Amino acid sequence: MKQHLATASFVCAVIFAMAGLCIPPTGVIHSSVLMLVAQLFVLTATLLGVDSYSENLRKINRK
């Protein structure tokens, strides 16, 4: 479940970032759009990082 959420948030962040680069702005780019992309990337890194860290702990505890 975590990997699906991490993948979905990464894809959304990339789509928002590409849309921001490809579509010319009609006015000022609000900082909330940039914060949304940054938060989605942070969510992805957190979910994948916590998952891999917990996997490593389980492997160490099995030994």
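Predicted model: local features only at pLDDT ≥ 70, side-chain atom pairs only at ≥ 80, totals over all residues.

Me: How many disulfides does the structure hold, then?

Reply: The count is 0. From the side of Cys22, the closest cysteine sulfur is in Cys12 at 16 Å, again too far for a bond.

Me: What makes Cys22 exposed, and what does Cys12 count as?

Reply: Buried means under 20% relative accessible area, exposed over 50%, and partly exposed in between (1.4 Å probe, protein chains only). Cys22 has 58%, so it is exposed. Cys12 has 35%, so it counts as partly exposed.

Me: Which class does Val28 fall in, and which class does Val50 fall in?

Reply: Val28 has 84% relative accessibility and therefore counts as exposed. Val28 is found in the loop between helix 1 and helix 2. Val50 has 43%, so it counts as partly exposed. Val50 is found in helix 2.

Me: How do you know that the span of helix 1 agrees with its number of residues?

Reply: Helices (H or I, at least four residues) and strands (E, at least two) are DSSP runs, numbered from the N terminus. The expected span of a helix is 1.5 Å times one less than its number of residues. Helix 1 has 21 residues, so it should span 30 Å. Its end C-alpha atoms are 30 Å apart, which agrees.

Me: Why can the buried residues of helix 1 be said to line one face?

Reply: The buried residues of helix 1 are Ala6, Ser9 and Ala13. Seen down the helix axis, they fall within an arc of 70°, so they line one face. The arc is that of the directions from the helix axis to the C-beta atoms. On the other side of helix 1, His4, Ile15 and Cys22 are exposed.

Me: What is called a pocket here, and how much space lies in the largest pocket?

Reply: The search uses a 1 Å grid over the protein atoms alone, with a 1.4 Å probe. A pocket is an open set of points with protein on both sides within 12 Å along at least five of seven lines. Grid points are joined across faces, edges and corners, and a volume is the space filled by probe spheres set on the points. About 280 Å³ lies in the largest pocket.

Me: Which residues lie nearest the centre of the largest pocket?

Reply: Lining residues have an atom within 4 Å of a point. There are 13 of them in the largest pocket, and Phe16, Ala19, Gly20, Ile29 and Val33 lie nearest its centre. Helix 1 (2-22) and helix 2 (31-62) each give two or more residues to the lining. Helix 1 gives the most, with 5.

Definitions and conventions:
Residues numbered from 1 in each chain as written. Heavy atoms only, no water. Disulfide = S-S within 2.5 Å.
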